[in-house]
Amino acid sequence: MRVRMRSGCCRSARLTALLVLLTLLAAACRAGADGSGGDAALSGVAAADRQAYEPYDEPITMRIAYRYSDITLPQGDTNDNNFLTRYLSKKTGINVKYAWEANDEDQYNSKLALSILSGDLPDAFVAGREQFRQLVRNNMLEDLTEVYPAYASTLVKSIYEATGGKALDDASVDGKLYGLPNVAIEADAPSYVWVRQDWLDRLRLEPPRTASDIAWIAKAFAESDPDGNGKADTIGIPLSSTLLYDEKMGLSGLNSVFAAFGAYPRHWVEGSDGGIVYGSIAPEAKQALSLVADWYRDGVIDRKFALRKEPDELIKSNQAGLFFGPWWAPYYPLSASVQNDTKAEWRVFAAPLDASGSFNVSTAPSTDRYLVIRKGYPHPEAALKLLNAFTKIERNVDTDEQDLHALNETAEQMGVQLRNYYPFDLLLDHPDAVVRRHDSLVLALEGKTEPELLDVETRRLYDSAILEQESPRKNMEAWSASQAYLLGGAVSKTSQTMKQSLFFGTTPTMSERWDELRKLEQETYLKIITGELPVEAFDRFAADWKASGGDRITREVAGAIGRR
């Protein structure tokens, strides 16, 4: 009897202890749910990331310069008090306030220039390359050399490390880190040839490989009624009046045509003698200009390009069936092309190839803007904590599923991507992100991986691809996203010969003479292409460029990269 009594007492004690434990756990869960649970916010976080994600015990305020996107807010929300900023406050203990706001890049840069001039800087903001250098020279930024290793999440570190150290090096001066850079996507560097496959089929033409192929196709598109409407309403290749792009590739530029000749205008590259050369004055550029001038004369290129404000309209209205553009062209302008003509079948090719069969590309900078903190702000690590939080959401790593679902659901109800609400226009992704997503998307579509295992962004692409398969051309957002990553992602994997661009900064003489030299270059190129000047005028241009400060700038660039 006594034994039974003791056994019963033990069971009763265990039951009481279990009830107490469950009560404590329930209390802890409630505390975590309302943000007052202390370590509950770090549940599931690896030890190496605890400091990166640990919220402040006492909330702090960060004044940010805000360039807002085209967003819609729920009733009662404001730009700096909305569903996302409240999420960030809960997760990090940081209350975001906007020091000032701008609705486009020009306005943002103007306001930031005024802030720099007056010395009244926001606590944190995104600066371009030249603004960043100016702020460092004027000792206006916090040194993040020790802050970064202590507070950067392992995810953020892994993305920066994927650049081979280039991104953080670009944000460092004299061995000290002064900014948190964005990471350029490698796929953004090349410009490809996009062609109406249905027009090729109608005219029984093969896809382009060489510059001659491109000219032949463009000429046929302009003269042989490829749309079959019986009207002379199609033209050759649309061309932007800017002609070429410096860093980020855009639409209707000639970069790939010049690269087929081994020419890289507007880029500082290694010359045949091992020295530094500005690609716009290299002899190879003259050869490319000669070809483009022939194209213009023969109607291969739109003869009205210099007068058009929006060459993209020719693509959107399906007056042009061939143009040069990056991998993301299905988002714009091809979505409009297909919407206006659902029979339009666009394909993309890594062309033109050079004489040896290589597709040449100049590299883009590893970064072009920086998240910085004003000198004297007492919590410089706060900006990094926000960046950790954004990156965690974007890359779908160890996120609070319930909270993230609520965020995305609200953004979807507003009809806007969640990233448009972020306080900083600076998102981190792996340099090979486009190829990664293409490969994951293809595997899922082929049934070789479960869609549920995809990250948030790739899962959206998968859903778009399935929607496009089931209802072709009915949802243009689904068409754009799926085709950009299926077609653009595939061409991004083709063999490419990369020419390293060696310098993207500004030298002292550049500050004085660069605008004048760029104007000389633009006018000369334009006049040669349109026939106003003969190709031989290139030699005089190169000599004038050198004598007008170009030689001095070349020496300064060589010194800056250690090639004296």
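## Tyr245 and its surroundings

In this predicted model, a polar atom of the Tyr245 side chain lies 2.6 Å from the backbone oxygen of Leu251. Tyr245 belongs to the loop that connects α10 with α11 (255-259). Its relative accessible area is 19%, and Tyr245 is therefore classed as buried, the cut-off being under 20%.

Leaving aside residues up to four places away in sequence, Tyr245 is in contact with Ser240, Gly250, Leu251, Gly253, Asn255 and His267. Tyr245 and Arg266 are separated by 21 residues in sequence, while their C-alpha atoms are 7.4 Å apart.

## Helix α10

Helix α10 comprises 13 residues, 211-223. At 1.5 Å a residue it should span 18 Å, and the distance of 18 Å between its end C-alpha atoms agrees with this. After the helix comes Asp225, which has a positive phi, near 50°.

The buried residues of α10 are Ala211, Ile214, Ala215, Ile217, Ala218, Ala220 and Phe221. An α-helix has 3.6 residues a turn, so residues three or four places apart point the same way. The packing partners of the buried residues of α10 are β7 (192-196), α9 (197-203), α12 (283-298) and β10 (322-325).

## Arg437 in helix α17

Arg437 is located in helix α17, which covers residues 433-445. Because its relative accessibility is 6%, Arg437 counts as buried.

When residues up to four places away in sequence are not counted, the contacts of Arg437 are Arg395, Asp429, Asp455, Glu457, Thr458, Leu461 and Tyr485.

How values were computed
Residues are numbered from 1 along each chain as its sequence is written. This is a predicted model: local features need pLDDT of at least 70, side-chain atom pairs count only at pLDDT 80 or more; totals for chains, interfaces and linings use all residues. Side-chain values use heavy atoms; hydrogens and water are left out. Helices (H or I, at least four residues) and strands (E, at least two) are DSSP runs, numbered from the N terminus. The expected span of a helix is 1.5 Å times one less than its number of residues. Buried means under 20% relative accessible area, exposed over 50%, partly exposed in between (1.4 Å probe, protein chains only). Contact means heavy atoms within 4.5 Å. A polar contact is a pair of N or O atoms within 3.5 Å; within protein, one must be able to donate a hydrogen and the other to accept it, and residues adjacent in sequence count only if both atoms are side-chain atoms.
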